[in-house]
Amino acid sequence: MTVGFTNHPLVWDLVNKHGNAFIGLSNRVWETPETCYMETKSAAAHREMLEAQGFLITDNVANIPTALIGEAGAGGPVIAFLGEYDALAGLSQKAGAVTHEPLTAGANGHGCGHNLLGSGSLLAATALKEWLAQTGTPGRVRYYGCPAEEGGAAKAFMVRSGAFDDVDIAISWHSSNFAGVQRETSLANCRVDFEFFGRAAHAAAVPELGRSALDAVELMSVGVNYLREHMQSDCRIHYAMLDAGGISPNVVQAYAKARYVVRAPDLAGLFALIERVKKVAQGAALMTETRMESTVLAGVSNILVNTPLMDAMQGIWEGFGPVAFDDADVVFAAQIRATLMPEDIAASWNQERLDQRDIPLADFILPAHNEVRQLGGSTDVGDVSWVVPTVQAYGPTLAIGTQLHTWQVVAQGQSPLAHKGMIAAAKVMAATGLAALQSPDLREAAWADLKRRRKGQDYISPIPEGAEPPVAAMTLK
């Protein structure tokens, strides 16, 4: 279902009208990078903008202090725009620098472009809100301010709380090397802490009296390594040592803790793999005569893409055309690319199954395809996509070859080229929201596609019943 771009000049004008204000919001969030559930200043900046634009605000969504919703309009369909504003640890970087120059060594940085993501989504919501008001059209626009996408699964908690129960269509975007529509699925994942409780003893005098929790953590790691040979090739298991028990090697460590991330292509596979990892942990505890406890901190579902919405957004992108980068943008992008390895640049093209070209910035729109492709990562947008037809844009905010979660992303986060990509993404999202608002046929087709992709399965949250958002625990992330 293709939607022509000529229907949207007014909403695009409204994006232009507010563009500078939201570039300012993006820059402010870039300057206060905060990680998983700690985004107090970033959430406050988004709340201030929502208030300034006349949205009705709901705070503390799903009992998360940094989650919020802004709503405007009345009656009609509900169009949701998903925003994020969390940063990553250890990626501090000077804006505009073309060498690695941390502002503060070891500090946070926006290495996934979420300063742009939240601001661009809120810009799209604001433009569509004003369009509704100017035209007197029934309909509601919601902006979802979502923290903790990087490992905290805030949207999964928000879905479980019922925050999306009456939404008709959800729209989001992400920083990218390219302009287009995200057509790839993602991996479901779960974060689980494993704690082992043993018995301390003098490691030389009476080692037979000790029961080492540290040994249990190490044996669990060995067992999981063997498990990797006997799981699906597109599953992933990662881990980190959170507490080795102490710094004294002459003490048998009585406590140790590790955090595991388990990923699988879908929820059913995820749940099965988690149980196998737990059995490995139980085996490690049995071998060391320690006690094991596991706690699920967060979990996210795989993305269910939506063909009618992807095709509608594709038509809008193709009508909009490539972003008009200027010579200064091209020069800066070329300087960034000089810091990359050839493998980085090749990986960007290979991910999209495109022949590599020697260009620093995207001068085209990604072509449409219906091939099922799997992203290597995970996102809590997946949980929204299981309960609401969801579509995501790629916004060209990065030099081609830039890989996410790197200092190069942070360096580009306040650049004019990133701002141009954000504005373009906001226009495409606003126009997609308008298309869904105006077309009952598009909404009906989107819901039918979601039902088909769920294959008769109801949404089951990967987060256990009773688990609360791990606001305190994720400070250890």
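Entry 1, the sheet. I looked up the strand order first: seven strands form an open sheet, in the order β1-β2-β4-β3-β5-β11-β6, with mixed pairing. At its edges I found β1 (56-59) and β6 (180-181), each pairing on one side only. Two strands pair if DSSP finds at least two bridges between them. Strands (E, at least two residues) and helices (H or I, at least four) are DSSP runs, numbered from the N terminus.

The model is predicted: local features need pLDDT of at least 70, side-chain atom pairs count only at pLDDT 80 or more, and totals for chains, interfaces and linings use all residues. Residues are numbered from 1 along each chain as its sequence is written, and side-chain values use heavy atoms, with hydrogens and water left out.

Alanine 80 is opposite alanine 170 in β5. Helix α12 (residues 416-438) packs on this sheet and touches β3, β4 (139-146), β5 and β11; contact means heavy atoms within 4.5 Å. The direction of α12 makes about 165 degrees with that of β5. Axes are lines fitted to C-alpha atoms, for helices over the stretch in contact, and angles run from 0 to 180 degrees between N-to-C directions.

How much space lies in the largest pocket? I recorded about 1200 Å³. On a 1 Å grid over the protein atoms alone, a pocket is an open set of points with protein on both sides within 12 Å along at least five of seven lines, a cavity is a set where a 1.4 Å probe fits but cannot get out, and lining residues have an atom within 4 Å of a point. Grid points are joined across faces, edges and corners, and a volume is the space filled by probe spheres set on the points. The largest pocket has 49 lining residues, and Cys112, Glu150, Ser378, Leu404 and His405 lie nearest its centre. Strand β5 gives the largest share of that lining, five residues.

I found one cavity of 30 Å³ or more. The largest cavity holds about 60 Å³ of space. Its lining includes Gln182, Glu184 and Met310. Strand β11 gives the most to this lining, three residues.
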